[in-house]
Amino acid sequence: MQYISTRDQKHKFSFEDILLKGLADDGGLFIPEYIPELDENLIIELLSKDYKNITFEIVKLFAGDTFEVTKLSQMIDESYSNFRDRRVTPLKIIDDRISILELHHGPTLAFKDLAMQLLSRMIEDVLDRNKKRASIICATSGDTGGAAVSAFANKNNIDLYVLFPQNRISEVQRRFMTTNTASNVHVISIDGTFDDCQNIVKALFKDKKLSDSVQLTAVNSINWARIMIQIMYYFSAFSQLNDKSSKINFIVPTGNFGDIFAGYIAKKMGLNINQLVVATNKNNILEECFKSGDYAISGVIPTISPSMDIQISSNFERLLFDLVGRKSKIVCEKMSDLANHNRFKLDNNQLTQFRASFGAGSLDDSETLDIIRKVYLEYDEVIDPHTAVAMGIQFKNKYTQSVILSTAHPAKFPETVDKAIGKYPEIPIANVNIYEQEERIISKNNKLNEIKEYILNNYRK
Ligand SMILES: *Cc1c(COP(=O)(O)O)cnc(C)c1O
């Protein structure tokens with residue numbers, strides 16, 4: 001399998017290239033040259049496997065022989081053996097319409113662990129084989145950072161830099177990053193929003209001299225390998241459904257459009273998915289685009305579901321590539337509109353295609369609190385605010401068969417959950433002492449140069 005950039009179809013890259021680069025030099029995102037379509041029998045066979053074996057087969061499809069097979073099995077095994085449920089992503093059937101796919105049984109209680117655990121091992125393996133080092137940089141809206149710290153801590157050929165928006169994430173989210181004592185981990189608070197952090201990351205990559213000299217690698221969902229690893233749990237969800245023949249909707253709490261885009265790939269591979277429903281909070285640029293075709297960025301509004309407080313949904317560019325008939329020239333035009341005017345428009349044809357596979361909806365904070373309460377009272381389930389947004393959209397639309405992606409454990413947002421149901425959620429045992437440990441935070445202004453200088457000063461050859 002070879003890869004191209006959404007902004008340039010001519011150059012081809014290997015999986016190893018795109019794994020280490022993350023973002024294409026032209027500013028575009030890497031995508032597979034084609035999506036493998038699986039025939040029905042192959043899908044049935046895949047759905048009979050467990051999580052680790054589904055992962056093995058799908059990685060082989062997209063990464064070919066990048067990894068030696070015994071090494072790949074070992075990396076997958078190490079990645080998921082410490083999850084708190086042996087199914088890795090257990091599906092909880094709530095009633096005859098709704099199931100919840102729990103993606104929060106990893107070390108930092110959010111779905112980001114699923115990709116980050118395996119991604120870190122893949123990167124380490126490739127670096128080891130090539131005797132290289134890397135500086136990993138990531139921007140976080142709250143959960144990516146913790147997952148990255150947990151996955152990359154103490155890897156000796158890697159330095160990790162995490163940028164997070166100061167005061168805009170929950171205390172538990174912050175502590176998952178700042179209480180780690182590994183010397184290769186640098187957690188940096190930025191005086192700005194998530195979009196500011198992400199813009200700094202993108203600008204660092206545009207600085208060719210810097211990115212080459214410190215071997216910059218991105219592990220945000222702009223890295224294709226993350227999306228690839230997230231495809232697995234759509235298959236895992238189907239494998240756990242009693243009725244595998246009905247078309248299923250997936251309702252996905254969405255920020256950067258990474259998780260839901262993985263679902264779109266699963267659908268293109270042949271999984272029996274009906275609609276992929278974009279669930280957002282008040283930062284509902286994607287819902288507006290779905291309604292009007294106008295993708296227009298405004299300011300980020302802080303909400304009680306902070307991991308979705310994002311306006312620039314980077315991965316939408318990957319879908320856009322398909323919507324415009326896989327023509328990188330048109331993607332470039334739209335992205336230049338976005339850079340220059342903070343907006344671009346989908347034409348009718350593109351919008352019709354968008355609506356053919358997707359749905360969209362949003363909830364405000366008070367609706368979100370109501371849903372956490374309702375789900376607790378009616379189903380005896382404690383859910384986190386992101387999951388609640390998706391659940392609320394299910395209740396509004398009454399889809400016949402839905403899987404709600406539960407992207408975080410409620411213990412990551414204890415104050416919000418307490419506000420809704422009058423009690424704190426239980427923290428899974430392994431994480432209890434994060435409240436007692438000392439925090440390490442490096443504070444920086446929202447200035448590209450400050451971050452650049454910090455990375456250069458800390459680079460170890
Ligand atoms: C990251 C995150 C999201 C958004 O996922 P995207 O892939 O960025 O769309 C939703 N919920 C939680 C809890 C998250 O951590």
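Is Met 308 buried or exposed? In this predicted model, Met 308 turns out to be buried, with a relative accessible area of 3%. That falls under the 20% cut-off, so the residue counts as buried. Met 308 sits in the loop that runs between β12 (294-296) and α13 (316-323). Its C-alpha atom is 16 Å from that of Leu 163, a residue 145 places away along the chain.

Most residues other than glycine have a negative phi. Leu 109, however, shows a positive phi of about 65 degrees, and it is not a glycine. To find Leu 109, look at the loop between β5 (98-102) and α5 (112-130). Leu 109 is tucked away as well: its relative accessible area is 1%, so it is buried.

Now for the ligand. The space it takes up is the largest cavity, and 15 residues surround it. The closest of these are Lys 112, Asp 143, Gly 255, Asn 256 and Asp 259. Sorted by class, the shell around the ligand holds five nonpolar, seven polar and three charged residues.

A backbone N or O atom of Asn 256 lies 2.8 Å from an oxygen atom of the ligand. For Asp 259, a polar backbone atom is 2.9 Å from a ligand oxygen, while for Gly 258 a backbone N or O atom is found 3.2 Å from an oxygen atom of the ligand. As for cover, the ligand on its own has 380 Å² of accessible area, and the protein covers 98% of that.

Finally, there is helix α10, which spans residues 224-240. How many of its 17 residues are buried? The count is 17 of 17, so going by the under-20% cut-off the helix is mostly covered. An α-helix has 3.6 residues a turn, so residues three or four places apart point the same way.

Conventions:
Residues are numbered from 1 along each chain as its sequence is written. This is a predicted model: local features need pLDDT of at least 70, side-chain atom pairs count only at pLDDT 80 or more; totals for chains, interfaces and linings use all residues. Side-chain values use heavy atoms; hydrogens and water are left out. Buried means under 20% relative accessible area, exposed over 50%, partly exposed in between (1.4 Å probe, protein chains only). Helices (H or I, at least four residues) and strands (E, at least two) are DSSP runs, numbered from the N terminus. A residue is near a molecule or strand if one of its heavy atoms lies within 4 Å of it. A polar contact is a pair of N or O atoms within 3.5 Å; within protein, one must be able to donate a hydrogen and the other to accept it, and residues adjacent in sequence count only if both atoms are side-chain atoms. Accessible areas come from the Shrake-Rupley method with a 1.4 Å probe; for residues, only the protein chains shown count as cover. On a 1 Å grid over the protein atoms alone, a cavity is a set of points where a 1.4 Å probe fits but cannot get out, and a pocket is an open set with protein on both sides within 12 Å along at least five of seven lines; lining residues have an atom within 4 Å of a point. A molecule sits in a cavity or pocket if more than half of its atoms lie within 2 Å of its grid points. Ala, Val, Leu, Ile, Met, Phe, Trp, Tyr, Cys and Pro count as nonpolar, Asp, Glu, Lys and Arg as charged, and the others, Gly among them, as polar.
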